[in-house]
Amino acid sequence: MAQVEQPANLDRWHNLDGRVLTLILMRCGLRVGDACNLAFDCIIRDADGAAYLRYLNRKVKREALVPIDEEVENEITTQQQRVLDRWLSGSRWLFPAPRMNPDGTRPLTTHSYRGQPDLWLERCDVRDEHGRAVHLTPHQWRHTFGTRLINRDVPQEVVRVLLDHSSGEMTAHYARLHDTTVRRHWEKARKVNIQGESVTVDPQGPLAEATWAKQRLGRVTQALPNGYCGLPVQKTCPHANACLTCPMFVTTLEFLPQHREQRQQLLQIVSAAEARGQARVAEMNRQVLGNLEKIITGLEDDFSVKLCVLRLATPAAVTGAGTFRPTRRGWMGLQCPLSREPVSR
């Protein structure tokens, strides 16, 4: 989606109608059939002047509304002007069929649109994590829209209204998908404690479900800016300097920037305390700093390995990181850019 949503790639649409339609699908979560049949006058405003896209949910045969941002509103307004420039008498559709439609009475068909995204994606050279050309269906953008809302902790009932689901059962699917994805990444991620030691979680073990339930509860009730609390929520925290001196603290690679920033702050605190003769303050912060150094070292070791593997997988992108040579089984002799140690695959 990061590739698809780049403005430069959106501008590679040769068909401007298709570009606007694609933007609506991505930003509003409509089904492709409902988007193709949008009425010409599809924008309405509330008492505060906020814009909404009004459409017919043909699956349940009722009108529905979804809020839109200024960019989508401007794109729709421009599309309306293009329709008036081509069909002087106007059209009832925002996307009239471009061919064999002299009076603008027929809307764009889903069949006419479905072939366009593949050509556009090929033109943009959008590829997946394995380097393969990406194929997308218009309905996948609706799933992305719903999943992103759930990921941002939007209440399920609000998501249900925005997607115009008849019941909460389908909306709950996105929440289950989110939970499964987060759990899979959590189980795969390298986790370290305050000693920089790896914390292992067996996803197939007898306590796997209970461990994940505790983790989810901790994320909600004991959220931390630099990691996660493993303390059962029934207990209170006895640590004055929460987390970095706590044996229940667990952190992952995603928090590495925060740890580095805090290390710099602690170094300044220790230096200032020593200059003022505050030995106790300096000693307390040195303990925290020591734990922080172990955490950073543990996480950076994992990061170095991942970076080397990534660069080995794309040797053409490596510049100045060392030497390598092709073999029958991969690339050998590449020097790791962080550890300066030779690595092989």
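**Helix packing and the nonpolar cores**

Helices H2 and H4 pass each other in a left-handed crossing, where left-handed means that the near helix is turned anticlockwise from the far one by less than a right angle, and right-handed that it is turned clockwise. Helices here (H or I, at least four residues) and strands (E, at least two) are DSSP runs, numbered from the N terminus. The model is a predicted one, with local features needing pLDDT of at least 70 and side-chain atom pairs counting only at pLDDT 80 or more, while totals for chains, interfaces and linings use all residues. Residues are numbered from 1 along each chain as its sequence is written, and side-chain values use heavy atoms, with hydrogens and water left out.

Now for the geometry of that pair. The axes of H2 and H4 come within 10 Å and cross at roughly 150 degrees; axes are lines fitted to C-alpha atoms, for helices over the stretch in contact, and angles run from 0 to 180 degrees between N-to-C directions. H2 and H4 are therefore roughly antiparallel (angles over 145 degrees count as roughly antiparallel, under 35 as roughly parallel, 65 to 115 as roughly perpendicular and the rest as oblique). On the H2 side, the residues in contact (heavy atoms within 4.5 Å) are Leu16, Asp17, Arg19, Val20, Leu23, Ile24, Arg27 and Cys28, and they meet Glu71, Val72, Glu75, Ile76, Gln79 and Arg82 of H4. Sorted by class, this contact has seven nonpolar, one polar and six charged residues; Ala, Val, Leu, Ile, Met, Phe, Trp, Tyr, Cys and Pro count as nonpolar, Asp, Glu, Lys and Arg as charged, and the others, Gly among them, as polar.

H6 and H7 make another such pair, with axes that come within 10 Å and cross at roughly 155 degrees. That angle makes H6 roughly antiparallel to H7, and the crossing is right-handed. Here Arg142, Phe145, Gly146, Leu149 and Ile150 of H6 meet Gln156, Val159, Leu162 and Leu163 of H7. The tally for H6 with H7 is six nonpolar, two polar and one charged.

Next come the cores. In soluble globular proteins, nonpolar side chains tend to be buried together. The largest nonpolar core in this model has 42 residues, and Ile24, Leu30, Leu38, Leu53, Ile76 and Tyr113 have the most contacts inside it. Such a core is a set of buried Ala, Val, Leu, Ile, Met, Phe, Trp, Tyr and Cys residues joined through side-chain atoms within 4.5 Å, buried being under 20% relative accessible area, exposed over 50% and partly exposed in between (1.4 Å probe, protein chains only). Elements giving two or more residues to this core include H2 (16–28), strand E2 (51–57), H4 (70–86) and H5 (110–124). H2 gives the most, with seven residues. Apart from this core lies another, of ten residues, including Phe249, Leu256, Leu266 and Leu289.

Ile76 touches Ile24, Cys42, Ile43, Leu53, Ile68 and Leu94, leaving aside neighbours within four places in sequence. Thr22 is found in H2 and is buried, with a relative accessible area of 0%. Not counting residues up to four places away in sequence, Thr22 touches Trp13, Tyr113, Trp120 and Trp141.

Finally, a word on backbone angles. Most residues other than glycine have a negative phi. Asp125, in the loop between H5 and H6, has a positive phi of about 55 degrees and counts as partly exposed at 44% relative accessibility. Asp164, in the loop between H7 and H8 (168–188), also has a positive phi, near 55 degrees, but counts as buried at 12%.
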